[in-house]
Amino acid sequence: MRISVYGTGYLGAVHAAGLAAMGHEVVGMDVDPMRIGPLERGEAPFFEPGLPELLSRGVESGRLRFTTSIDTAVEFGDVHFVCVGTPQLRDGNGADLRYVEAVVRDIAERLDRSVLVVGKSTVPVGTARQLAGLLHDHARPGLGARLAWNPEFLREGFAVEDTLRPDRLVFGVEDSPSEEILRDLYRPVLQTGVPCYVTDLETSELVKVAANSFLAMKISFINAMAEVCEQVDGDVVTLADAIGEDARIGRRFLNAGVGFGGGCLGKDIRAFQARGAELGLADSLAFLAEADRVNDRRRDRVVDLASSLLGELAGRRITVLGASFKPDSDDVRDSPALAVARRLHAAGAQVVVHDPESISNARQAAPELSYEHDVEVAARGADLVVHLTEWRQYGALDPRELGEVVSQRLLIDGRNALDRDAWSAAGWTCHSLGRPSVG
Ligand code: UGA
């Protein structure tokens, strides 16, 4: 099949490369030449494990091309995937739909034959139907362009795996020809037995935001339990392990710590609440506001803990391990690590941040902070080390060696991910979120 993909961010770039790996002819389009440049050479414009290999295979095979020309992309594809961003509005919590609307309008105005336009971006429920109207209104009469919705569930850090082996596929369609096209397109994935849900446009949009809302709620639930544990000297990790044994609850996404960040969970639960309010359903989604509040409190908790350990923060040297919102990603959007680092800095501390992959993104987002590419250099003379993104490298650190360079062996593990026994055996006092301290 000939497929065009609009938007080459985390979603579009991986999707385009994944479709080429499934055997399709793909053109990826983006208005940003800084993205298209590396992609044309088969290089990933951001850090994502496995993506460089997938891209270079696609580009070398000739099945994967990239362009900044919307004309080329519209002319090429029989199926058009919309993968552009739906960021949070600057002046509110709703989603900014201007990019998805512009792409659909741009496609419609250039079409000379019947095609399928498929939305993948995360949008408020009701958007797909509106876009179907836009497509119809702007396309030449009688062309018969269709719109379908096919939400994406990939996680950064596992994007390639999630694209080629997703947990499920969801097709929001208005007619059976659209369903048939999507089934054909995803045949290599469907053949592996991946469940496929075919439904209406609205349900497909909702599956995506409901999934992200549930994940955010699950994280905030365990973080609320961490708040309780802190008050009564309980241990949230043991609590999570024990409740997670119940298959109805499950242990995944019950890791208490500094909470969720990134470009999706926070933005999506806010946009869902905004849409809920428009629909007169503010009460139905009120719990999402609480999930957001718990999440933000965890960031403050780290700063409060640092203050209570160090007294006055002004002039104290703090090393922050991690800047990206999660490991195996260089994405710093709404990163809890960076937010905490900034709050510590604002309180007067001298903050030095280390991250294996995201320093250049972090520097742009938080230029006021200092950065170091080497952990030991970052930790030199530190009064406190704060671990905020659980990169594997940090789990492999030798606490004895690090203990030699710091000014005092004081650790906050904001992700409950380090081996506290090993760190305390090396002379560190270890504080965690939702657990009694050791050492
Ligand atoms: C999330 C969803 O997991 C994907 O299914 C979805 O496709 C994606 O958003 C999206 O909408 O595009 P992602 O943002 O890549 O994926 O990251 P997650 O793995 O969900 O992690 C989100 C945040 O929650 C991270 O900051 C992570 O550190 C935090 N987290 C995760 C916890 O604090 N505790 C946990 O137990 C799990």
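1. What share of the 439 residues of the protein chain counts as buried? The figure is 50%. A residue is buried if 20 or more other C-beta atoms lie within 10 Å of its own, exposed if 12 or fewer, and partly exposed in between; the C-beta atoms are placed from the backbone.

2. A word on the source. This is a predicted model: local features need pLDDT of at least 70, side-chain atom pairs count only at pLDDT 80 or more, and totals for chains, interfaces and linings use all residues. Residues are numbered from 1 along each chain as its sequence is written.

3. Start with the overall build. The protein chain has 19 helices and 14 strands. Helices (H or I, at least four residues) and strands (E, at least two) are DSSP runs, numbered from the N terminus. The radius of gyration of the protein chain is 23 Å, close to the 22 Å that the globule rule gives for 439 residues, so the chain is as compact as a globular protein of that length. That radius is taken over C-alpha atoms, and the rule is 2.2 Å times the number of residues to the power 0.38. Along the principal axes, the C-alpha atoms fill a box of roughly 75 × 50 × 40 Å.

4. Now the contacts. Two residues are in contact if their C-beta atoms, placed from the backbone, lie within 7 Å. Take the contacts in the protein chain with a separation of 6 or more: residues 24 or more positions apart account for 70% of them.

5. Next, look at the open sheet. Six strands form it, in the order S11-S10-S9-S12-S13-S14, and the pairing is parallel. Strands S11 (370–372) and S14 (429–432) stand at the edges, each with a single partner strand, so one side of each has no neighbour in the sheet. From one strand to the next, the twist averages 25°. Two strands pair if DSSP finds at least two bridges between them. Strand S9 (residues 317–321) and strand S10 (residues 350–354) run parallel and are joined by five bridges. Thr319 has Val352 in S10 as its bridge partner.

6. Which strands does helix H13 touch? H13 (residues 286–310) packs on the sheet against S9, strand S12 (384–387), strand S13 (410–413) and S14. The direction of H13 makes about 160° with that of S12. Axes are lines fitted to C-alpha atoms, for helices over the stretch in contact, and angles run from 0 to 180 degrees between N-to-C directions. Helix H14 (residues 336–346) lies across S9, S10 and S12, and runs at about 160° to S10.

7. Eight of its 11 residues are buried, so H14 is largely enclosed by the rest of the structure. Among the buried ones are Pro336, Leu338, Arg342 and Leu344. The buried residues of H14 pack against H13, S9, S10, helix H15 (359–365) and S12. Just after H14, Gly348 takes a positive phi of about 105°.

8. Most residues other than glycine have a negative phi. Asp328, not a glycine, has a positive phi of about 60°. Asp334, also not a glycine, has a positive phi of about 45°.

9. UniProt places the feature "domain: UDP-glucose/GDP-mannose dehydrogenase C-terminal" (unreviewed entry) at residues 319–420. UniProt positions use the numbering given here, feature names are shortened, and annotations may be inferred rather than shown by experiment. Over residues 319–420 the chain is 34% helix and 19% strand. The end C-alpha atoms of that stretch are 18 Å apart.

10. Helix H10 (residues 201–232) passes a length check. At 1.5 Å a residue, its 32 residues should span 46 Å; the end C-alpha atoms are 47 Å apart, which agrees. The expected span is 1.5 Å times one less than the number of residues. Just after H10, Asp233 takes a positive phi of about 60°.

11. Last, an exposed glycine. Gly193 is found in the loop between helix H9 (187–190) and strand S8 (196–199). Gly193 counts as exposed, with 7 C-beta neighbours inside 10 Å. Arg168 is 25 residues from Gly193 along the chain, and their C-alpha atoms are separated by 9.4 Å.
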